[in-house]
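Hello,

Here is the structure you are taking over. The notes below it say what was found.

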Amino acid sequence: MTSPTLVRLRSASFGYADRTVVSGVDLTVRAGEVVALLGPNGSGKSTLVRGILGLSTRQGGDVELFDTPLDEFDQYTRLGYVPQRHSLSASVRATVTEIVEVGRLPHRPWWKPQSRQDQAIVREAIADVGLADRAHEEVAALSGGQQRRVLIARALAGRPDMLVMDEPTAGVDHANQEALALVLQRLADRGTSMLVVTHELEALERVVTRIVCLDAGHIDFDGTPTAYSDHLRRHAVGSDHHHPDDDSPRRGHVIGAAPLDPTPREVTP
Amino acid sequence: MSDLLALDFMRQALLAALLAGFAAPLVGVFLVQRRMSLIGDGMGHVALAGVAVGVLTGQEPVLTALIAAVLAAVAIELIRASGRTTGDTALAVMFYGGIALGVVLISRSSSRTPANLTGYLFGAILTTSRTDIIVFGVLAAVVLTATLVLRQRFFAVANDEEYARAAGIPVLRYNLVLAVLTAVTVVVSMRVVGLLLISALMILPNATSQLFARSFRSGLWWAVLIGVLSSVGGVLVSYAAETPSGGTIVLLAVGAFVTASVATAVVARLRRAAHDRAERHDHEHGPDCGHRAVEHDDHVDYLHDGHRHAAHEGHYDEHGHDEHGHDDEQHRAGAETR
């Protein structure tokens with residue numbers, strides 16, 4: 001018996017207004033999977049996940065979420081979206097708790113104040129991302145990596161069936177990447193399904209169960225991390241996947257210094 | 001004070017000031033958050049056209065101003081939501097068209113009615129009538145109730161519109177409700193500070209509280225307090241000094257902002273001198289970082305090489321040597337092998 005289907009795309013295309021960014025995408029994500037979505041800038045990774053979330057327009061094909069066609073889908077709380085940091089307005093001060101509380105809003109009618117249970121879930125989500133000691137600090141004062149974890153906590157507070165993350169590690173310093181990876185590891189161990197757009201596979205190496213590679217709006221690889229490193233080795237010479245430093249990389253290092261990572265780092269195995 | 005309150009018009013003026021001083025910052029905080037601080041100004045411009053239509057046709061100016069401001073508010077939101085680059089220009093056309101129409105229409109009517117343009121533009125609180133007060137009271141009650149009930153949702157939408165949309169929160173609907181509440185607030189404050197200064201009462205108290213508040217909640221309530229003190233204080237000062245109420249209120253609010261700016265700058269300098277930063281390290285302390293956590297007053301310190309490190313904003317503070325520092329060695333060793 002296979003695990004339930006969370007996302008199913010059949011020759012789906014997405015874009016904005018009259019511009020198609022991704023087309024002909026077939027992709028099925030099942031419960032328990034941690035899928036990394038890789039691809040160079042402009043390859044349509046963000047458009048694809050934004051399409052799944054209903055933020056960019058579906059321009060063709062079939063999209064089903066939890067076995068419901070996208071147009072009829074209204075259980076938004078089942079998807080926990082972690083956007084890139086810059087979508088947070090910093091013009092007014094807010095604490096970590098105040099931001100994470102937003103994750104509970106879709107679970108209650110507009111007139112209802114938050115319950116004790118909501119508060120408990122918010123505290124738990126903040127603890128899950130390791131920020132319990134900063135729960136009442138201002139978000140704007142935190143480092144980029146810590147802010148990313150606040151956004152993950154906000155998504156977790158919605159108790160979603162799947163996390164959808166857009167570049168959670170981009171622009172995050174090394175110490176915070178480790179903290180972030182630890183958080184994702186803990187979530188994966190609990191069976192949380194994730195779809196992660198990323199440039200830096202290294203940080204997520206231990207978590208990812210499947211890799212999907214987008215190039216110019218099409219999927220050009222879909223398989224396990226092991227198959228991905230073989231794929232890279234085959235394409236290592238003379239392709240646009242080539243990275244000058246990676247001619248004969250050790251296994252494990254291949255994933256770390258993914259060709260899309262502009263500054264590969266030495267990984268201690 | 002008690003003889004001031006004995007005056008009927010003064011009682012009404014103070015009540016109107018209280019309502020405006022409470023409602024304006026409450027709605028204004030979301031405008032600040034959405035970086036739309038000047039939108040209230042634009043609504044005020046359009047409301048003037050509404051006032052003029054009222055004066056010209058013999059309708060109640062408050063009612064016609066309300067209709068004009070609400071229509072403008074809805075138009076502003078729809079133009080913004082369309083996301084077109086020409087939207088900004090469209091707003092400019094609407095705002096300047098509104099104020100120009102208002103001025104022209106009021107001048108046409110001045111032969112028959114003693115409509116006081118300055119009174120509408122800069123506030124004439126002492127001319128507030130008993131019916132005005134009742135209308136303002138009802139409108140203010142609507143604004144207060146709606147804003148307090150919906151504040152978390154307004155916060156969510158203003159803070160991160162994209163997330164709100166992905167979470168299924170009807171973003172446009174909340175933005176429209178907020179716009180209408182802003183329009184109502186403009187009309188409520190019209191008599192108190194005047195249509196040209198209306199934005200000041202919505203924005204300045206928030207700008208002030210943002211200087212020192214540590215959370216959205218505290219920032220909001222400080223802004224309301226500053227708003228009420230400026231508007232009620234402004235009315236009292238304007239009565240004593242025989243100055244126009246609107247300008248006096250706004251000057252008080254500006255005074256609060258300047259005072260708070262200076263005070264927070266001084267406090268920040270003193271604090272910076274008083275607290276030690278731990279050395280920069282490429283490590284994030286947390287529940288399972290490997291360093292021992294110790295309770296320290298209201299927070300947690302992490303023992304790092306015998307030093308107590310406490311999380312503060314984006315860095316760690318040095319909270320001194322720990323007397324049991326040495327028994328932390330094996331924990332630290334544990335941390336480093338990770």
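Contact between the chains

The contact takes 39 residues from chain A and 36 residues from chain B, two residues being in contact if their C-beta atoms, placed from the backbone, lie within 7 Å. On the side of chain B that touches chain A, at least two residues each come from α2 (8-33), α7 (130-159), α8 (161-166), α11 (216-241) and β2 (299-304) of chain B. Helices (H or I, at least four residues) and strands (E, at least two) are DSSP runs, numbered from the N terminus. The largest share of that side, 7 residues, is supplied by α7(B).

This is a predicted model: local features need pLDDT of at least 70, side-chain atom pairs count only at pLDDT 80 or more, and totals for chains, interfaces and linings use all residues. Residues are numbered from 1 along each chain as its sequence is written, and chains are lettered from A and ligands numbered from 1 in the order in which they are written.

Two helices of chain B

The axes of α2(B) and helix α10 (residues 198-212) of chain B cross at roughly 70° and come within 7 Å; axes are lines fitted to C-alpha atoms, for helices over the stretch in contact, and angles run from 0 to 180 degrees between N-to-C directions. That makes α2(B) roughly perpendicular to α10(B) (65 to 115 degrees). Among the residues making the contact are Ala20(B), Gly21(B) and Ala24(B) of α2(B), and Leu201(B) and Met202(B) of α10(B).

Ala69(B)

Leaving aside neighbours within four places in sequence, Ala69(B) is in contact with residues including Met43(B), Ala47(B) and Val187(B).

Regards

Technical notes. Parallel < 35°, antiparallel > 145°, perpendicular 65-115°, else oblique.
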